[in-house]
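Some notes on the model follow, as numbered points. Please read them with the structure open.

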Amino acid sequence: LLQFHQRCKVNAVPDLAEFELRVLLGVLRRRGEAYAVAVRDEIASRTGRQVSLGSLYITLQRLERKGLLQSRLGEPTAERGGRAKRYYELTRHGLTLLRTECRLTQRMWAGLGLVPDER
Amino acid sequence: MTRVSRWLLERLCRLLPPAIAAAAAGDLEEEWRRHAGEPRIRASLRFVREAAGILCCALRSPRAAGDANRRHDESRSLGMSGWPVDVRHALARSLREPTGTVLSLLTLAIGLGAATSLFALTNAWLLRPLPFSDAGELVSVWETIPSEDIFENTPAPAVLFDWRARSHAFSGLGALTTGTVNLTGTGEPERLNAIRADAELVRVLRLQPAIGRVFGDGDDAISEVVLTHGFWRRRFGGSREIVGSALSLDGVPATVVGVLPPGITLLGIEADVWRPLRFTAAERASLNRYLWVVGRLRPAASVAQASAEVDVIARSREPALGARAVSLQEQTVGSLGHDLPILLAATGVLLLIACANVASLTLARTAARRREFAVRAALGAGGARIAAQVVIEALPAAFLGGAAGLLLSAWLVRAFTAWLPQRDTLPPVELTDPRVFAFGFAASLASAILFALAPALQSASRRTLAGLREGGRGVAAPNAALRLLASIEVALAIALLIAASVVGRSFLRLTRIELGFEPGGVVTFELPRSSHSARDRAFFDELLRRLQQSSAVQTAGVSQALPLKSFGFGSSFPVDGAPASATHLAYWRIVSPDYFAALGIPLKTGRAFDARDRMGSSLVAIVSESYVRAAWPDGASPIGRRIGWGTLERPLTVVGVAADVRLSAATGPAPHVYMPYAQVEEFLPSQLAVRTRGSDVQAIDAVRGAARALDPLQPVANIQTMNELAWRMLARRRFQLALWAAFAVAAAILALLGVYGVVSYAVRQSSKELGIRLALGARRSAVIAHVLRQGLTLSCAGAAAGVLLAYWTAGAMRGFVVGVEPRQPLLYAAVVAVVIAASTMAAVIPARRAASVDPLDAIRGD
């Protein structure tokens, strides 16, 4: 019973913190080449906020454990001192969650007329 | 990529969870290359910052990837158990707040450094045994004359043999005496300080040589000599061949049988060689008091027992006398034994101030974490658990501070011993002693508990709900205890600074003291002669004549005791025609005619000695001004008056009046009576003063050359300039000044850090209030002024208390300082102004931070 209870807790759809959301979106935008440095650049260029690599790793790992991201190792390259990149991509679960989040947020913003559409 | 950053990168990889290690390192390296165009420094800083950030996150994050593990770890870090997590937290947190961390480390390093170095000194001089085996059993035994307050009289052989025969507390009583011998034959002739020790002393000390052997009991031992380690290294370059060879000591051959280990000193007697001491039957009964006695107690006997025993024996010989035994350790350390505990107490206070400082810094941090503690408490962490966490988090800082303090103390100890007047006779200070390490460790641990205590108690007692609900909204001023601490620190610092400046002024005054003669350009020598024969007298006549002709020498004079070099002797000089009861005490000096010119002692009236004053002509004297004032208070001219040396049987006619001369810095101008050495048969001068014509070195060569030309075996010893002697005379004062200054400056630095800590705590606590003020339109300058006012209140309250404290302790200061009034309004004002200015500067940093608060951020809070 206890194990079941714990699994339930793990599998329940978690709330996303603001930074987690940004990281997920960053990974999505860089689809196919989303490793830490690239995600950071994406976030920096879009929000103007500099993110430290350390906090990025933590978040990426956490999201992976939540089952929203999955990762694979790429080829080692010389410019990285012969070390491989770890590429991240969204899982199906992660994509669903993003869609839900987006829909919910849009509903909340709808009709307020505060922010003009940025298309 | 630089070598350092590559090294860092590899270290980092090992610390990181394996899942991300390689990728993170790769990312870092890629980043480095991307910013390759940047200046090296900026790139390095960026690299270090990123690496530290990754490390922090890695430390906070669970190492294992599994969810269950993470859950487990998180529950631990939420406050139920697990000190490794606490330590990790502490490290991560200190990396995130570098300013606070550096401040705490600096403060602790100062406090712990001072404490550790003082302990190292105490350990070396008070706690560590002397360099003899079972040194705790060794005592020195003195004769006492209670009626004259003399408690360290050297006993006579007759007394020693009585003690040996009748006492039971000692397993042995050894005797030694000192003397000098002239070493001739090999190389430059030299005057050596010798310890003459009897065979019993060698047994009592259990003296083991470093090389060869120590002289034995046999009669042939009388021609043996043992070298001290220092002399062996200095004179013979540490050559082992010297053992077995013969030296000429006072013209008599002596065989070198061994060399003593380094650091062997006894009763502070400086010696170059040890020679055997033997008593003839007549000498055994002698009542000449010239022996130092060192005994070894029997295992069951105590110092007090031994003391009582020798006292009884001494009284039975002569009721007016007594005797006492003192542990050799106590004897050797002497006055330092009284000074060091006071110093230790002072460093204890310093360490407490340091802990108070770090406590305030820690409080500031824990205050920012109230919510965290509240959450933990809500989740079931007990008060004790949270308190323990705060203490454990303090440990890394304490031990890092302790390590830094240990490094600092290496330097402090060297500086301290270099200033110490009696440094040459004390055992060396070992910092690598395990006891010093143990002390440093214990002090760090204790200080961690001390400085974490207040924050720990406060965190533990915080009401859970209040912490949660309030959300740090409080407009709390720093709590009263903290402000009190900071004010006390300022007060202590001001009092110490005032004391140090008073000591400094008094020292400055001493350096400008009127000695009564001109010490500049004078070099002094010792030229001991073995007898007082006419040949020795002729030696000085001829030496002075030759020096007068030398181009390197202006004038040269001799005396049996030069000022600053030795005190010489005093005697009563009764005045002819005055009542017999009026004996006037004065120091007497046997001098050559040019003595006054050589030392630059001005002659007030009359004439100096000259060729007229020779053996057989009428006896003459020159007296000093204070003698004149005492002997002829009516103000009449003393020239032509007659005085006597001890008695008026052979009266001396006063021919001149010289200025008064000081014998040392501590004593005032002393009355003197000078007599020409040509007229005094029983004494011969041995100290030479030469006023040089420019170069000291040439003058020294001239004296050496002239002395050797007259007598190739004549040693020329103790060559010192008068300025050097004057400087050395101030050594003790200089040492005191250095100590006071060091304490005052350390206390001042710590007090400023304290003010900084409290003010920044206040700013952090009231950032919401400040944000509201800014949002409501307060000008930034007004916010800065508001914060500065807080700092100013602290320092002004402290200053007021400090001035009162200084005023109150000024009476005690009078004992330390010479010729300076300790209560000087101007000095007080200056010190207060400096401290208040400095502490205002210390408050500027948090004030600027307060003014740069983003109103929105501050109000929104967490």
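1. Strand β17 (residues 620-624) of chain B runs antiparallel to β22(B), and two bridges join them. Within this pairing, B:I622 has B:Y674 of β22(B) as its bridge partner. Note that this is a predicted model.

2. β22(B) also pairs with strand β15 (residues 585-591) of chain B. Here the sense is parallel, over five bridges. B:W588 stands opposite B:V673 of β22(B).

3. How many of the five residues of β22 (residues 672-676) of chain B are buried? Five are, so the strand is largely enclosed by the rest of the structure. Side chains in a regular strand alternate between the two faces of the sheet. In β22(B), B:H672, B:Y674 and B:P676 point one way, and B:V673 and B:M675 point the other way.

4. Now the interface. Chain B places 25 residues in contact with 23 residues of chain A. About 2200 Å² is buried between the two chains, with carbon and sulfur atoms giving 52%. On the chain B side, B:I20, B:D27 and B:E30 lose the most area to chain A, together 23% of what that side buries.

5. The rule finds four salt bridges across the interface of chain B and chain A. One of them joins A:R83 to B:E29, with the closest N and O atoms 2.8 Å apart.

6. On chain B, α2 (18-34), α3 (40-60) and α4 (67-80) each supply at least two residues of the side that touches chain A. The largest share, 14 residues, comes from α2(B). By class, this side has 12 nonpolar, three polar and 10 charged residues.

How values were computed
Residues are numbered from 1 along each chain as its sequence is written. Chains are lettered from A and ligands numbered from 1 in the order in which they are written. This is a predicted model: local features need pLDDT of at least 70, side-chain atom pairs count only at pLDDT 80 or more; totals for chains, interfaces and linings use all residues. Side-chain values use heavy atoms; hydrogens and water are left out. Contact means heavy atoms within 4.5 Å. Buried area is the accessible area (1.4 Å probe) that two parts lose on being put together, summed over both. A salt bridge is a side-chain nitrogen of Lys or Arg within 4 Å of a carboxyl oxygen of Asp or Glu. Helices (H or I, at least four residues) and strands (E, at least two) are DSSP runs, numbered from the N terminus. Ala, Val, Leu, Ile, Met, Phe, Trp, Tyr, Cys and Pro count as nonpolar, Asp, Glu, Lys and Arg as charged, and the others, Gly among them, as polar. Buried means under 20% relative accessible area, exposed over 50%, partly exposed in between (1.4 Å probe, protein chains only). Two strands pair if DSSP finds at least two bridges between them.
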